[in-house]
Every structure is written in C-alpha cells, then in structure tokens.
Amino acid sequence: MRTFLRHNSLSLFFGALFVLSLAGQSVAGWHQLNALQVAEHLDPLTWTGYVTSSDFAVDVAENWQSEFLQFWLYLMATVWLLQKGSPESKELDKAGRESDEDQKIGAHAVADSPAWARTGGWRTRVYSSSLAMVMGAIFLASWLVQSVAGWAAFNEQRLQQLQDPLSWTSYLRNADFWARTLQNWQSEFLAVGAMAVLTIYLRQRGSSQSKPVGQPHGSTGVEG
Amino acid sequence: MTRTTVGARLALTGAGALLLAACAGSQDAPARSAAQQLLRAVDTGDGSAACALLAPAARDELEQQSGRPCERAVLQEDLGSGSGAAHVEVYDSMAQVRLGADTVFLSRFDGRWLVVGAACTPVAGRPYDCSVAVP
C-alpha cells in the first residue's frame with residue numbers, strides 16, 4: 001500500500017487538489033451567485049441547485065477546455081517547434097515525428113513495448129497519436145459544454161434583465177462566449193511560454209521539469 | 001492523469017449537459033401555466049389570485065408605484081388577453097412565456113414560478129418596458 005502511494009503520489013496529489021478545489025469552487029460560486037440573486041430580488045439557490053446549474057457548469061467547463069487545449073497544443077507544437085536551452089524542447093536536430101527506430105515502433109519495438117506499438121498498421125498509427133487524440137477530444141467536448149452551459153447562463157441573465165434570449169448559434173458569435181474563452185486561453189499560453197523560456201535560465205533542483213542545477217543554459221532537451 | 005479519470009470526467013460533463021437540457025424542458029409547462037393563470041386572473045377580475053402569482057418584489061413595486069393594494073392595482077394594468085400560441089423558453093431559474101402578442105417573464109421561487117415582468121412592451125435593442133416588474 002505504501003509503495004503504491006509512493007509510486008502514484010504525483011497523480012494522487014493532483015487528484016486530491018482537483019477534488020478539493022472543485023468543492024471549494026462550488027461553495028464560493030454558490031455564495032457569489034446567491035449574492036447576485038438577492039440583489040436582483042430573486043430567490044437564492046440551494047447548493048444542489050447551484051452545482052446542477054448552467055452557471056456552475058460554464059465556470060467549470062471554460063477552465064477545463066483551456067487546460068486541455070494547452071496540453072494538446074503543447075504536445076503538438078513540441079513535435080515540430082524547438083526552444084534552444086529549454087528542457088521542454090527536444091534536442092535541436094530532432095524536430096518532426098522522428099524515425100521508427102527513435103520511437104521504438106514496429107520492428108524496433110522492445111520486449112515490453114505496448115502491443116499496439118509493436119503490431120504495425122493502423123493500430124500503431126492510432127497509438128502513435130493517442131495522447132493528442134484524447135487530449136484534443138476532451139478539449140472539444142469541454143468547449144462544447146462551455147458553449148451550451150454558457151448559452152443557458154447568459155440567457156438566464158438576459159431574462160433577469162427582461163431581454164429576449166439568444167439562439168445557441170447567436171451566442172457563439174457573442175462577446176460573452178469569446179471573453180470567457182480567450183481570458184482562459186491567454187493565461188494558459190502565457191504560462192506555457194513562460195515555462196519554456198524560464199527553464200532555460202532557472203532551475204528547480206530535483207524536478208523532472210527542470211534541467212539539473214549545474215546544466216549549462218545552452219543545453220536543450222535535458223531534464224533533471 | 002489516467003485515461004480512466006479523463007473518461008469519467010468527460011462522461012460527467014456530458015451527463016451534466018444532458019441533465020441541463022432535460023431540466024429546462026420539464027419546466028416549460030409549469031412556467032406557461034403560471035403566466036396563463038396570471039393573465040386569466042386579471043381578465044376575470046381576481047386581483048388576489050393575480051397578486052399571488054407575482055414575485056414579492058414585483059408586488060411591492062406595484063403597490064409603491066400605484067399607492068394602492070396589489071389586489072386593486074394589478075387589475076388596472078393591461079396585461080393582455082394571453083390568447084394565441086404559447087412559446088416558452090426556460091433557462092435555469094428564469095423563463096420567458098409568449099402568449100400571442102403578450103410577453104411574461106418569470107423566475108422560480110422555492111419551486112414555484114412567479115412573475116417578475118408583465119405588461120411588457122418590446123423596445124428595439126434594449127430590455128422590455130414592463131409596467132409590472134421587479135425594481
């Protein structure tokens with residue numbers, strides 16, 4: 001049990017942080033919405049009513065979509081794009097999808113390679129992009145949920161203001177949808193870009209995301 | 001992050017969206033019924049029944065503006081006949097019911113739909129101008 005916890009501590013730690021943060025968001029968001037409801041002379045919601053509302057769904061989904069977009073883009077961009085000196089980048093002569101030998105697929109698979117890496121054909125092609133496919137699918141699904149929940153929440157607000165609701169397609173062209181989307185995207189892109197550049201010159205001893213402390217600034221694709 | 005966790009989150013999100021749509025659809029009939037009852041009550045001169053269908057703040061606002069009890073003041077308002085096809089749109093705790101040319105806005109209070117805007121005139125590019133409304 002202790003070995004299991006130690007060997008999976010990274011995913012368990014972030015899983016716990018996720019659950020605690022989501023619970024905290026549900027309570028803070030509930031109080032925030034009810035303050036607005038009271039100010040508008042409307043009925044406050046129960047916590048259950050809030051966590052099943054479009055207001056909560058859009059706030060959750062807009063962050064999920066941007067996180068998965070960030071990882072999907074980073075995954076795809078780091079196939080082709082390089083950053084000299086960054087441990088986030090591949091070595092400077094390895095841009096592209098690399099050879100079968102480098103990727104240990106087909107005839108170059110090793111004894112404990114995943115079965116679909118060894119088998120060749122469509123299975124190996126699919127498995128070669130499986131991480132990006134799943135990340136991209138979650139991004140698209142989350143963005144779709146954001147658009148539907150955001151549409152409902154926006155229309156609820158319009159009805160409170162005695163205005164006609166909009167259609168979903170009109171909402172997709174509305175500033176509310178794009179403000180929610182882009183405010184999340186810009187922060188994700190800033191964080192990823194900052195990580196790629198700051199890790200050239202700065203170090204965190206012992207982290208897999210940093211170069212070793214004594215590694216020269218010019219070393220590319222070296223992680224601790 | 002494992003793929004199982006990702007799949008579970010995705011399923012949860014999709015289920016949430018479906019639930020949202022299902023809940024909105026099930027509220028169409030009660031919202032329409034509340035709007036129709038209000039217009040019928042005013043039409044038949046039943047001020048008490050009409051006021052019971054108004055949100056508390058809308059009732060207070062009507063009394064303050066008219067200087068009369070709600071039961072009498074509401075009968076002076078031209079809320080419309082409510083005849084014609086009904087068109088209902090529900091988004092979470094808010095609803096808009098169109099009954100022919102008449103538009104009514106409602107909000108859910110403790111599980112009941114109450115009117116927050118009635119006797120409404122559309123204004124291009126701006127909110128409706130409603131004689132009976134929350135402040």
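Trainee: How many disulfides does a search of the whole structure find?
Mentor: Two, counted over all chains. Keep in mind that this is a predicted model.

Trainee: Which cysteine does B:Cys51 pair with?
Mentor: B:Cys51 is joined to B:Cys70, with an S to S distance of 2.0 Å. The two cysteines are 19 residues apart, and the pair links distant parts of the chain. B:Cys51 sits in helix α3 (residues 47–52) of chain B, while B:Cys70 belongs to helix α5 (residues 70–73) of chain B.

Trainee: Left-handed or right-handed?
Mentor: The link of B:Cys51 and B:Cys70 is left-handed, at -105 degrees about the S-S bond.

Trainee: Switching to the interface. How many residues are in contact between chain B and chain A?
Mentor: On chain B there are 31, and they are in contact with 29 residues of chain A. The two chains bury about 2600 Å² between them. Of that area, 72% is on carbon and sulfur atoms.

Trainee: What's the salt bridge count between chain B and chain A?
Mentor: One. A:Asp164 forms that kind of link with B:Arg98, and their closest N and O atoms are 2.8 Å apart. There are also eight residue pairs in polar contact between chain B and chain A, with both residues at pLDDT 80 or more.

Trainee: Which elements make up the side of chain B that touches chain A?
Mentor: Helix α1 (3–26) and the strands β1 (86–91), β2 (94–99), β3 (102–109), β4 (112–123) and β5 (126–133) of chain B each supply at least two residues. The largest share, seven residues, comes from α1(B). By class, this side of chain B has 18 nonpolar, five polar and eight charged residues.

Trainee: You mentioned β5. What is B:Asp129 in contact with, leaving aside its neighbours within four places in sequence?
Mentor: B:Asp129, which is found in strand β5 of chain B, is in contact with B:Ala119, B:Cys120, B:Thr121 and B:Val123, once those neighbours are set aside. Take B:Ala119: ten residues separate it from B:Asp129 in sequence, and the C-alpha to C-alpha distance is 8.1 Å.

Trainee: Back to salt bridges. What is the count over all chains?
Mentor: Five. One of the salt bridges is between the side chains of A:Glu62 and A:Arg180, at 2.6 Å from N to O. A:Glu62 lies in helix α4 (residues 54–80) of chain A and A:Arg180 in helix α10 (residues 175–201) of chain A, so this pair ties together parts that are 118 residues apart in sequence.

Trainee: And what comes after α10? Where is A:Arg203?
Mentor: A:Arg203 is in the segment after α10 of chain A. Its side chain makes a polar contact with the side chain of A:His217 at 3.1 Å, and reaches the backbone oxygen of A:Val213 at 3.5 Å.

Trainee: Last one, on α8 of chain A. How far does it reach from its first C-alpha to its last?
Mentor: Helix α8 (residues 130–160) of chain A reaches 45 Å with 31 residues, close to the 45 Å expected at 1.5 Å a residue. Just after α8(A), A:Leu162 takes a positive phi of about 55 degrees.

Key. Residues are numbered from 1 along each chain as its sequence is written. Chains are lettered from A and ligands numbered from 1 in the order in which they are written. This is a predicted model: local features need pLDDT of at least 70, side-chain atom pairs count only at pLDDT 80 or more; totals for chains, interfaces and linings use all residues. Side-chain values use heavy atoms; hydrogens and water are left out. Helices (H or I, at least four residues) and strands (E, at least two) are DSSP runs, numbered from the N terminus. The expected span of a helix is 1.5 Å times one less than its number of residues. Contact means heavy atoms within 4.5 Å. Buried area is the accessible area (1.4 Å probe) that two parts lose on being put together, summed over both. A salt bridge is a side-chain nitrogen of Lys or Arg within 4 Å of a carboxyl oxygen of Asp or Glu. A polar contact is a pair of N or O atoms within 3.5 Å; within protein, one must be able to donate a hydrogen and the other to accept it, and residues adjacent in sequence count only if both atoms are side-chain atoms. Ala, Val, Leu, Ile, Met, Phe, Trp, Tyr, Cys and Pro count as nonpolar, Asp, Glu, Lys and Arg as charged, and the others, Gly among them, as polar. A disulfide is a pair of cysteine sulfur atoms within 2.5 Å.
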